[in-house]
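Hi everyone, thanks for coming.

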Amino acid sequence: MKHSWWKESVVYQIYPRSFMDSNGDGIGDIQGIIMKLDYLKELGIDTIWLSPVYQSPNDDNGYDISHYQKIMAEFGTMKDWEELLHQVHMREMKLIMDLVVNHTSDEHGWFVQAKSSKDNPYRDYYIWRDPKDDGGEPNNWASNFGGSAWEYNEQTEDYYLHLFSKKQPDLNWENETLRDEIYSMMKWWLDKGIDGFRMDVINFISKAEGLPDGEKKPGRDYASGSKHYRNGPKIHDYLREMNQKALSHFDVMTVGEMPGVTPEQAKDYTGEERNELNMVFQFEHVGLDNGPNGKWDLKPLDLMELKQSLSRWQYALGENGWNSLYFNNHDQPRSLSRFGNDGKYRIESAKMLATLLHMMKGTPFVYQGEELGMTNVQFESIDSYKDIETIQAYSELREQGWSEEQVMESIHQKSRDNARTPMQWNAEEHAGFSTTEPWLALNPNYKFINAESEISNEESIFHYYKQLIQLRRQNDLIVYGDYQLILEEEPEIFAYVRSYQGKRLLVICNFYDQEPAFRLPREIHFMTKQLLLCNYKIDEQASISEFNLQPYEARVYLLN
Ligand code: NOJ
């Protein structure tokens, strides 16, 4: 397997709005990020993924871009951004930008033109269809944020497609001029010296011919059309073209966000010889606690399913292709609250989840605050939430007859705002994030969960992440070793072995607050063992052939 810097990286995701506010307006900004670069260097990460900082009316916090080559005024200026890139590079770190090209904002110049008349030259940059005979929407697709995926445009008396909010019209990738504009925009950023792109819902850009109806569930107004727009017929052509026309001229990291992608499809996207992408963000493991009716339909995670799912991905992309490794990002609830224990075992379970993920094969992604053990938040009223998806879900679910308690329970567990509360830098007023009331309320637990206290305590989650990152740096085995799940049938333990050039790594994670017995499989022989990491103080010499794990205990051994 070829060695690459992006395989050896640990990426840290910054959601700029919530990271650090330098000018006291309650909104994070670019100068704020610059202030915290030494913090990131100290953590040991080497690549930063910056969620969108482009000009945007913020219907979806920057994922609705109105100008690809301008910086959002609330975040600063292009000069600030250039300084950021310079400061990142000075510290020998890399910067990857978010590329949102499935859709733009409806306030983007292209769309303003396109909607003005049927013969406008920009018209075909978007996806337009005539109303049905009864005046209704052209097909039955639901938007991913609820309601129809179509919006009527008075001026031209027809509809445009928006798979997300109506302020996020989908671009028409069938149009070659549009595609070329996007590639030259990408080159413009690459020429500035950025180190890659994270590509927003990039497997949605090719829609099925004829935009056929989806299958509607009983009692629903709209259907998921996803099978007609995910991994569509021309997706590989577009990605190869993008690679050839823009990316291949630079040594960059690319990661494509791909809801609904299977391991087999991911092989085609990331295979070494395919010249498409380096890796994808898959969604299988973060969908395991969705009930039959989707995200808001709560279902407890079954560890056996998580073991099978993550292992399937490890095996499928083991030889050719590459995995991204993540539990958290700005769209997911905090993994610690979701899969761990954010009460009594907060510290132990945060470290266990991190061990489980960071010792796997792939490129790990850390989302801001994860390294502090930040948790979900429970705002009492829907009025405190700012996320468009959460707000739309609240009204839809209430309309469907869910009680206030039921809806709020789902929101507390699943809302994207769980991940978006401001970074908790210290215990002072506004958590050191800002000098004023932040745009989204803080999680009140910042008084005891914050960077300052994490840094000062050698036993903290922050220091544990540092160790995980350093271990990866020091051991090719962790980057390139083969993966093998062990103790498959064990319902409480997730354990695996990595092997590379005669060396082996044994990773043992207890996923619950019980104390299950661990029995080393007979086929694992070794002469010596070295404990590399554990989230408890244990006797390093004690035998590992049989013992009981402590709640959420995680151990990493090097075997020889
Ligand atoms: C995925 C992004 O991560 C999410 O935040 C956004 O709402 C949608 N794509 C639409 O851009």
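Let's start with strand S22, residues 554–559, which is mostly covered: six of its six residues are buried. Buried here means under 20% relative accessible area, with a 1.4 Å probe and protein chains only. A strand is a DSSP run of E with at least two residues, and a helix is a run of H or I with at least four, both numbered from the N terminus.

In a regular strand the side chains alternate between the two faces of the sheet. In S22, Ala554, Val556 and Leu558 point one way, Arg555, Tyr557 and Leu559 point the other way, and all are buried.

A quick word on the source: this is a predicted model, where local features need pLDDT of at least 70, side-chain atom pairs count only at pLDDT 80 or more, and totals for chains, interfaces and linings use all residues. Residues are numbered from 1 along each chain as its sequence is written, and side-chain values use heavy atoms, leaving out hydrogens and water.

So who pairs with S22? Two strands pair if DSSP finds at least two bridges between them. Strand S18, residues 503–510, pairs with S22 in the antiparallel sense over six bridges, and Leu506 has Tyr557 as its bridge partner. Strand S20, residues 529–534, is also antiparallel to S22, over five bridges, with Leu533 partnered by Val556.

Last stop: Ser349, which sits in helix H10, residues 346–358. Ser349 is buried, at a relative accessible area of 0%. Beyond its neighbours within four places in sequence, Ser349 is in contact (heavy atoms within 4.5 Å) with Leu336, Gly340, Asn341 and Tyr552.

Key:
Buried means under 20% relative accessible area, exposed over 50%, partly exposed in between (1.4 Å probe, protein chains only).
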